[in-house]
Amino acid sequence: MGLFGNQKQEKEKLPAPRHIAIIMDGNGRWAKKRALPRTAGHAAGAETFRRIANYCRTLGVEYLTVYAFSTENWRRSQEEVSGIMKLLHSYLLEALQDMEKNHVRFRFFGDLTRLSPELQELCRKAEQISSQYHEVQVNFCLNYGGRDEIVRAARAFAQEVADGKRQPQELTEEAFGKYLYSAEVPDPELIIRPSGEMRTSNFLLWQSAYSEFVFMDVLWPDFGEKDLDAAIAEYHRRNRRFGGV
């Protein structure tokens with residue numbers, strides 16, 4: 001039966017979490033195992049994202065957040081960074097063409113100002129045009145870092161205090177959340193990291209306080225529907241006490 005039990009049976013009776021987040025990891029290693037350039041791994045990973053995003057929708061997932069490009073990823077080679085940006089550019093063009101058919105709402109978490117003007121404009125258009133849709137929302141973490149997000153939120157609140165708009169004692173966890181990129185988005189119940197790595201890598205540090213993490217020994221391009229089923233089944237085995245008994 002395996003680690004996660006009878007996946008098909010559990011999928012039929014277990015609901016998907018409302019919000020699933022995924023650290024899409026392992027593209028480079030997938031390519032290396034096949035003697036391919038790392039850009040080929042990212043292209044394969046992009047196809048996996050399309051497939052898994054569609055599957056999440058069939059399962060009734062309302063929010064899907066994916067780690068597309070971190071603040072640390074700029075340290076990679078110019079060739080790899082350029083390849084990732086080209087893939088994102090192509091995906092957004094395709095998404096804009098299909099928005100009326102798919103009705104997917106797009107949000108971008110991260111500092112987009114470092115992206116090319118063309119890519120920034122595509123992100124802006126995707127958010128603006130899709131804002132009318134409410135069936136499913138995909139959040140792309142792009143030039144995103146959890147620590148950077150928290151620092152930016154703290155600075156924003158501090159500036160409002162300095163401007164006389166807020167008082168320090170007004171800051172609560174709920175109030176602070178409104179300064180984050182994820183404002184008005186519920187925290188993820190389940191965070192999945194494929195690739196065999198077992199760390200959060202600066203992903204949704206504030207939002208993941210009580211998320212359930214499932215680490216899986218499969219590279220992202222090989223991640224399939226059965227793997228998502230297994231992660232959801234494992235999520236339902238957890239006893240989520242939120243600090244209680």
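This is a predicted model: local features need pLDDT of at least 70, side-chain atom pairs count only at pLDDT 80 or more; totals for chains, interfaces and linings use all residues.

Which residue in strand 2 is the bridge partner of His19?

Modeller: The bridge partner of His19 is Tyr63, in strand 2. Strand 1 (residues 19-23) and strand 2 run parallel and are joined by five bridges. In general, strands of a sheet pair through backbone hydrogen bonds, either parallel or antiparallel.

Strand 2 covers residues 63-70, and Ser70 is part of it. Ser70 counts as buried because its relative accessibility is 7%, under the 20% cut-off. Apart from neighbours within four places in sequence, Ser70 is in contact with Asn143 and Tyr144.

The sheet as a whole is open and has six strands in the order 3-4-2-1-5-6, with parallel pairing. Strand 3 (104-109) and strand 6 (212-215) are at the edges; each has a single partner strand, so one side of each has no neighbour in the sheet. From one strand to the next, the twist averages 20 degrees.

Helix 3 (residues 38-59) packs on this sheet and touches strand 1, strand 2, strand 3 and strand 4 (136-144). The direction of helix 3 makes about 160 degrees with that of strand 2. Helix 3 has 22 residues, which at 1.5 Å a residue should span 32 Å; its end C-alpha atoms are 31 Å apart, so the two values agree. Buried residues in helix 3 include Gly41, Ala44, Thr48, Phe49, Ile52, Tyr55 and Cys56. After helix 3 comes Gly60, with a positive phi near 90 degrees.

Another helix to note is helix 8 (residues 225-237), which lies across strand 1, strand 5 (190-193) and strand 6. Helix 8 runs at about 135 degrees to strand 5. Within helix 8, Arg237 and Glu234 are three residues apart, about one turn of the helix. An α-helix has 3.6 residues a turn, so residues three or four places apart point the same way. Arg237 and Glu234 form a salt bridge, with their closest N and O atoms 3.8 Å apart. Glu234 is buried, at a relative accessible area of 18%, whereas Arg237 is partly exposed at 39%.

That pair belongs to the topic of salt bridges, of which the structure holds 21. Another joins the side chains of Asp25 and Arg29, at 3.1 Å from N to O. Asp25 counts as buried at 15% relative accessibility, and Arg29 as partly exposed at 33%. Asp25 and Arg29 are also linked with Arg193, Glu197 and Arg199 in a network of salt bridges.

The side chains of Arg152 and Asp111 meet in a salt bridge as well, at 2.9 Å from N to O. Arg152 lies in helix 6 (residues 146-162) and Asp111 in the loop between strand 3 and helix 5 (117-130), so this pair ties together parts 41 residues apart in sequence. Asp111 is buried, with a relative accessible area of 17%, while Arg152 is partly exposed at 35%.

As for the cysteines, the count of disulfides is zero. Cys56 is in no disulfide, and the nearest cysteine sulfur, that of Cys141, is 14 Å away. Cys56 counts as buried at 2% relative accessibility. Cys123 is in no disulfide either; the nearest cysteine sulfur to it is that of Cys141, 12 Å away. Cys123 counts as buried at 1% relative accessibility.

Terms used
Residues are numbered from 1 along each chain as its sequence is written. Side-chain values use heavy atoms; hydrogens and water are left out. Helices (H or I, at least four residues) and strands (E, at least two) are DSSP runs, numbered from the N terminus. Buried means under 20% relative accessible area, exposed over 50%, partly exposed in between (1.4 Å probe, protein chains only). Contact means heavy atoms within 4.5 Å. Two strands pair if DSSP finds at least two bridges between them. Axes are lines fitted to C-alpha atoms, for helices over the stretch in contact, and angles run from 0 to 180 degrees between N-to-C directions. A disulfide is a pair of cysteine sulfur atoms within 2.5 Å. The expected span of a helix is 1.5 Å times one less than its number of residues. A salt bridge is a side-chain nitrogen of Lys or Arg within 4 Å of a carboxyl oxygen of Asp or Glu.
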